Amino acid sequence: MSRPGPLSGFPEFLPAQRSVEVEVIQTLTRTFELHGFAGIETRAVEPMDQLLRKGDTSKEVYVLKRLQDTEAGADAGMGLHFDLTVPFARYVLENAGKLEFPFRRYQVQKVWRGERPQEGRFREFTQADIDIVGRDDLPFHHDVEVTRVMLEALAQLTFLPGFRLQVNNRKLLQGFYAGLGLADVDEAMRLVDKLDKLPAEKVRELLVAEAGLSEQQADKVLGLAEICTDDDSFVERVRALGVEHPLLDEGLDELARLVRECQDLVTTSVRIVADLKIARGLDYYTGTVFETRLDGYESLGSICSGGRYDALASDGRNTYPGVGISLGVSRVLVPLLSKGVLVADRQVPSSVLVVLVDEESRPASTAVATALRANGVPCEVAASAAKFGKQIRYAERRGIPYVWFTRDDGTHQVKDIRTGEQVEADPTTWMPPAADLRPQVVTHTPEKEHQ
């Protein structure tokens, strides 16, 4: 059998890289739970009619099919979920009688998307979502809350580059376009959403040719899209464009409130801006929309997106409006890990290697390890009774910072192999410094900019 190679679009991590991913996920979930979000996990597959009912997703869905389908298509009509929002909507409908509303959930799970692999885009990847869903009604303050929670979570990831959370409101866009008298508001919104990939002049041509806008209307649409502020001053700039509509007023009020009420969370590494070209491609968004860029890695596109959806889930009697935001954990981490920008300071969880004098003393060394583990200290016993120097090198190669020795008289010493310091210790009470208890994420300066 030939040596296997990596499968494009399906990233796998080495142990030290996986430690970074675990730290990110644990940091996110701690923050989510501090705000009262309950963790759930949904099944990997959904019926095809559910996966295809919202947005242009037919090219992205992986269809589930057994190799030997002897039961005439018993598995037909199922596919792997391409995001966590559609399965969550189904979950809410299926369990509505058992849930208390508003229902606040977080979900960290793999998703699958059949698109061309490239930097930041994969066929299998991990997302971290938070959503708040109500029954029939969901006040706007939940939009603010979800935004604040994600800003807090991102701020805790101090080893990552900074984040710029860009927010807009589809009511603002729809109201502005309606006030201009556009015949196809959705098409205009779809084309404006291409401004991150196409120059403004090209989008202007598309607005005229494909959306049927006049030259004057296209200029107004692009004038709106140029507005980007880090406070609520965007309101005056929109008003200066001279367009009026009740839905525009509602969108302006909501977006201004969102930006104002998040200002206390702004830091040098996490910012929020009102960016009026943000529209989001999926058609189920109805109000607030989010996109997020990673400083220095803008070529990755949006790494954290979401928004308000008022009609994604309905059972015919009740409608379940919601607001949520999703962080592409793999989209952020894989490029940074593959370039060596991030790594853990050790390959294994162990902070202590218990030295083995000879095989006959293995039970005694195991007893030391058991005592350390009882205090929550990750450790392992040496694999073989090699010379002490070889056992220490074993620890060094794996990044294990401490080596434990037991003397003939039953007393113990622990050595920090980084500094050479060796001290008396008791395995029933000894603890390493907090920074050595678990692998720590180390950030290396990239050799060149990744714009």
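## Enclosed helices

Nine of the 11 residues of helix 3 (residues 85-95) are buried, so this helix is largely enclosed by the rest of the structure. The model is a predicted one. The buried set consists of Thr85, Val86, Pro87, Phe88, Ala89, Arg90, Tyr91, Val92 and Asn95. These residues pack against strand 2 (45-47), helix 2 (48-51), strand 4 (103-112), strand 5 (124-133), strand 10 (304-314) and strand 11 (319-328).

Helix 11 (residues 329-338) is also largely enclosed by the rest of the structure, because nine of its 10 residues are buried. They are Val329, Ser330, Arg331, Val332, Leu333, Val334, Pro335, Leu336 and Leu337. Their cover includes helix 1, strand 5, strand 9 (288-294), strand 11 and strand 12 (342-344). After helix 11 comes Gly340, with a positive phi near 75°.

## Helix 1 against helix 4

Two packed helices are described by the angle between their axes and the distance between the axes. For helix 1 (residues 15-34) and helix 4 (residues 141-156), the axes come within 9 Å and cross at roughly 145°. The crossing is right-handed.

Helix 1 makes the contact through Thr27, Leu28, Thr31 and Phe32. Helix 4 brings Val149, Met150, Glu152, Ala153 and Gln156. By class, five residues of this contact are nonpolar, three are polar and one is charged.

## A buried glutamate

Glu187 is found in helix 6 (residues 185-192). Its relative accessible area is 16%; the cut-off for buried is under 20%, so Glu187 counts as buried. Setting aside neighbours within four places in sequence, Glu187 is in contact with Glu210 and Ala211.

## Aromatic pairs

The model has seven aromatic pairs. One of them joins Phe101 and Tyr320, a tilted pair at 5.3 Å centre to centre with 35° between the planes. This pair links distant parts of the chain, 219 residues apart. Phe101 sits in the loop between helix 3 and strand 4, and Tyr320 in strand 11. Both Phe101 and Tyr320 are buried.

Trp404 and Trp430 pair edge-to-face, 5.7 Å centre to centre and 70° between the planes. Trp404 lies in strand 15 (residues 402-406) and Trp430 in the loop between strand 17 (422-424) and helix 14 (434-437), so the pair ties together parts 26 residues apart in sequence. Trp404 and Trp430 are both buried. Ring pairs join Tyr402, Trp404 and Trp430 into a cluster.

## Arginines over rings

Arg418 lies over the face of Tyr402, at 5.4 Å from the ring centre. Arg104 lies over the face of Phe37, at 4.8 Å from the ring centre.

Terms used:
Residues numbered from 1 in each chain as written. Predicted model: local features only at pLDDT ≥ 70, side-chain atom pairs only at ≥ 80, totals over all residues. Heavy atoms only, no water. Axes fitted to C-alpha atoms, helices over the stretch in contact; angles between N-to-C directions. Helix = DSSP H or I, 4+ residues; strand = E, 2+ residues; numbered from the N terminus. Left-handed = near helix turned anticlockwise from the far one by under 90°. Contact = heavy atoms within 4.5 Å. Nonpolar A, V, L, I, M, F, W, Y, C, P; charged D, E, K, R; others polar. Buried < 20%, exposed > 50% of the residue type's maximum accessible area, 1.4 Å probe, protein only. Phe/Tyr/Trp six-rings, centres within 6.5 Å; stacked < 30°, edge-to-face > 60°. Lys NZ or Arg CZ within 6 Å of the ring centre and 35° of its normal.
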